[in-house]
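Biologist: Before we go through this model together, could you show me how to read its features one at a time, with the general idea set out before the particular case?

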Amino acid sequence: MNAIQHASRIKISSPTELVFESADGRRFPIHPIWLRERCTDAKSMDQTTQQRLSDPSDLELDLALTAVAASGPDGFRVRFSDGHEAEFRESALLAEASLPPGDHDSPVPELWNARLAHHPKFRWAADPTPRELAEWVEQFLRFGFIILTGVPSEPGQVLKVGAQFGFVRETNFGALFDVRSTPQASDLAYTSVHLDPHTDNPYRSPVPGIQLLHCLVNETTGGLSTLVDGFAVAETLRRENPAAFKILTTTPVRFRYVDPTTELTASATPIELDASGAVHAIHVSPRLDFVPLLPFDELSAYYAARRALDHRLRGADFPIKFLLASGDLVMFDNRRLLHGRTGFNPAEGLRHLQGCYIDIDGPRSVHRVLRRSRNGAGAHRGS
Ligand SMILES: [Fe+2]
């Protein structure tokens with residue numbers, strides 16, 4: 001059998017029906033409303049913004065195709081029962097039909113563990129070429145993190161790097177935050193103690209999508225940065241302990257942050273799934289999680305499940321460790337990766353990092369815009 005016989009296609013099955021045939025053998029008629037709401041003609045869609053001109057919920061629920069004909073090698077001419085006629089390109093319909101439900105038209109996450117041999121590491125350039133920027137973003141989307149070296153060791157540089165990939169998300173900590181040991185710290189991050197793998201700020205809704213940490217000074221021999229691929233750990237748990245996985249995807253846990261001027265709370269399941277059942281986000285912070293009071297047996301099961309997850313996160317199989325030297329910056333997906341730090345002795349010298357958050361969709365937007373530029377396609381706006 002050749003490749004053509006395996007390819008997805010859309011074909012006319014009758015004068016009033018278009019059929020989708022997927023490469024994996026699924027076959028079904030294309031719903032008339034699905035097709036009608038994808039009309040791109042000037043009556044249906046504003047040609048500048050590419051936004052619809054009417055509410056598709058008002059389409060007749062029994063809308064039907066009344067005529068279908070080929071129109072060139074890649075096209076169909078379709079008439080609908082509401083009288084509207086439109087042209088469709090098979091390639092455009094197939095491109096959309098092949099998108100997975102989770103909206104990943106970006107590089108698919110490549111799960112990793114402690115054996116990850118090659119860390120995605122690049123030399124920072126304040127004015128990167130499109131090719132360099134595309135490579136950084138591609139690797140970030142695949143692995144959930146990148147390390148940039150040679151970022152000038154000056155305060156505020158982290159905001160410049162963040163702006164290259166998206167929009168900085170200011171919080172009650174400010175646009176950027178300093179990570180160094182201070183007396184009467186408001187967060188254990190600002191001490192010298194060991195920090196277990198955690199996601200940042202699970203008490204916010206939405207949580208910060210991406211964190212950047214820039215090392216200005218590190219004169220200590222400890223204080224190694226740790227990263228764990230939470231998606232890889234969650235998928236391992238799903239395979240090895242499905243009962244624990246189920247509990248951690250269905251039990252909402254409360255997270256809370258309090259200081260004299262701020263009080264934030266949010267609830268989230270430790271493992272968050274999307275509508276297709278794929279792992280969407282991890283919400284784990286061993287210093288901040290408070291499970292609701294549930295019946296005794298349910299809590300016993302929850303605590304066992306939490307331990308099963310936590311011991312994998314902290315065990316030897318998944319985390320990577322590396323020293324951030326002055327000028328190094330790590331940018332990571334705070335929904336996918338957990339981060340931590342080994343303890344250090346502040347008497348050895350200074351350790352000073354600056355961090356900031358940017359929204360999760362920034363690098364995906366950069367990736368799409370660069371791809372669009374390469375393909376020479378036009379832009380459109382959305383609201
Ligand atoms: Fe943190």
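**Reading the sheet, the helices and the metal site**

Modeller: Let us begin with a helix on a sheet: helix α5 (residues 157-165) lies across β8, β11, β19 and β21, and runs at about 30 degrees to β21. Please keep in mind throughout that this is a predicted model.

Biologist: Which other helix lies across β8, and at about what angle does that helix run to β8?

Modeller: That is helix α4 (residues 130-143), which lies across β7, β8 (145-149), β11 and β19 (329-333) and runs at about 140 degrees to β8.

Biologist: How should I read the sheet itself, and in what order do its strands come?

Modeller: The general idea is that strands of a sheet pair through backbone hydrogen bonds, either parallel or antiparallel. Here 6 strands form an open sheet with mixed pairing, in the order β7-β8-β19-β11-β21-β9. Its edge strands, β7 (121-123) and β9 (177-179), each pair on one side only, and the twist from one strand to the next averages 25 degrees.

Biologist: What describes the packing of two helices, and at what angle do α7 and α8 cross?

Modeller: Two packed helices are described by the angle between their axes and the distance between the axes. For helix α7 (residues 242-250) and helix α8 (residues 296-314), the axes come within 9 Å and cross at roughly 105 degrees. Because angles of 65 to 115 degrees count as roughly perpendicular, α7 and α8 are described as roughly perpendicular to each other. In their contact, Ala244, Ile247 and Leu248 of α7 meet residues of α8, including Tyr302, Arg306 and Leu309, and the residues of this contact divide into 8 nonpolar, no polar and 1 charged.

Biologist: Which residues coordinate the iron ion, and how are they spaced in sequence?

Modeller: The iron ion is coordinated by His198 (NE2), Asp200 (OD) and His339 (NE2), at 2.1 to 2.2 Å, with the donor residues spaced H-x1-D-x138-H in sequence. Distant parts of the chain are linked in this way, since His198 is in strand β10 (residues 195-198) and His339 is in strand β20 (residues 337-341), 141 residues apart.

Biologist: Are these two histidines buried or exposed?

Modeller: A relative accessible area under 20% counts as buried, so His198 is buried at 5%, and His339 is buried at 8%. Thr199, in the loop between β10 and β11, is buried as well, with a relative accessible area of 3%. Leaving aside neighbours within four places in sequence, the contacts of Thr199 include His283, Asn334 and His339.

Biologist: Where does Phe290 lie, and what is its relative accessibility?

Modeller: Phe290 lies in strand β17 (residues 289-290) and, at 43% relative accessibility, counts as partly exposed. Leaving aside neighbours within four places in sequence, Phe290 is in contact with Val253 and Arg254; Phe290 and Arg254 are 36 residues apart in sequence, yet 5.1 Å apart in space, C-alpha to C-alpha.

How values were computed. Residues numbered from 1 in each chain as written. Predicted model: local features only at pLDDT ≥ 70, side-chain atom pairs only at ≥ 80, totals over all residues. Heavy atoms only, no water. Donors = N, O, S within 2.8 Å, 3.2 Å for Na, K, Ca; no water. Helix = DSSP H or I, 4+ residues; strand = E, 2+ residues; numbered from the N terminus. Buried < 20%, exposed > 50% of the residue type's maximum accessible area, 1.4 Å probe, protein only. Pairing = 2+ DSSP bridges. Axes fitted to C-alpha atoms, helices over the stretch in contact; angles between N-to-C directions. Contact = heavy atoms within 4.5 Å. Parallel < 35°, antiparallel > 145°, perpendicular 65-115°, else oblique. Nonpolar A, V, L, I, M, F, W, Y, C, P; charged D, E, K, R; others polar.
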